[in-house]
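Trainee: I have a new model open. Can we walk through its fold, step by step?

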Amino acid sequence: MGAAALAELIRRRQPCVVLTGAGVSTESGIPDFRSPTGLWAQFDPFEYGSIDAFRRDPVKVWSFYKPRIGMLTGAEPNPAHAALAELERIGLVEAVVTQNIDLLHDRAGSREVVEVHGSIRTATCPGCGERVHLARVLELLAEADVPACPSCGGILKPDVVFFGELLPAEEIDRAFDLARRARLLLVVGSALEVHPVAGLPLETLSAGGELALVNRGPTPYDSRASLRIDGSAGEVLPALVEALRGEPGIG
Ligand SMILES: [Zn+2]
């Protein structure tokens, strides 16, 4: 499976930064929305996931997001999330940059998480700027189809990046900085198709770093990776932790 080779690479090339995509969360029961059977195959992204759609008809967009937030908060971190938190704890992963909005890295115990597509942690009122935490959003959604702003009554928007919105500048700057300084960028569960996150490996490679890929299916960077494992995150990452434990000095 290549876990031993990956263990050797991660020990040799520090600091290591991890980039995760939807493939890390599929084993938590969260479908990859870009897959042929994913959410955007059922819901037109421009009708449900774009900022224009939200401005036009926030009630319709919330008819999609309400069950989605319920599903995300009901999901549990899987062994891939736990393995990444463990790798950070033992000092072999500096940070996790994620395209996922589901908070599962956070809930698994990862400390340095850069959420480049935002997250469901908060929602913000487009009218007055009031920011509301997830627990309160869930309370509001238990009573109504849309969460109303406690300050002005406007309809809150989840702080996830919608189509047509810019990525959060601070997070994306931090992600590029981490990628530039990484001697190893380990990409897990991302097909590296969504820009600008798909540009992070190039940042690492240009600065003399190496690239390792753990993904089911091909990516545009396959030929430039030092190591590529075609497998599931939930199997490969725990095997990686086991392989590292087998080495002296890691407990
Ligand atoms: Zn408001």
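Mentor: Start with a term: a contact means heavy atoms within 4.5 Å. This is a predicted model, where local features need pLDDT of at least 70, side-chain atom pairs count only at pLDDT 80 or more, and totals for chains, interfaces and linings use all residues. Residues are numbered from 1 along each chain as its sequence is written, and side-chain values use heavy atoms, without hydrogens and water.

Trainee: Among contacts between residues at least 6 apart in sequence, what share joins residues at least 24 apart?

Mentor: Take the protein chain and keep contacts between residues at least 6 apart in sequence. Those that join residues at least 24 apart make up 67%.

Trainee: What share of the 251 residues is buried?

Mentor: Buried means under 20% relative accessible area, exposed over 50%, partly exposed in between, with a 1.4 Å probe and protein chains only. By that cut-off, the buried share of the protein chain is 51%.

Trainee: Why is strand β7 called largely enclosed?

Mentor: Strands are DSSP E runs of at least two residues, numbered from the N terminus. β7 covers residues 184–188. L184, L186 and V188 are buried on one side, L185 and V187 on the other. The rest of the structure largely encloses β7 because its buried residues number five of the five.

Trainee: Which residue of β7 is the bridge partner of T20?

Mentor: Two strands pair if DSSP finds at least two bridges between them. Strand β1 (residues 16–20) runs parallel to β7, with five bridges. T20 has as its partner V188.

Trainee: Which residue in β8 stands opposite V187?

Mentor: β8 spans residues 210–214 and runs parallel to β7. Five bridges join the two. Opposite V187 stands L213.

Technical notes. Helices (H or I, at least four residues) and strands (E, at least two) are DSSP runs, numbered from the N terminus.
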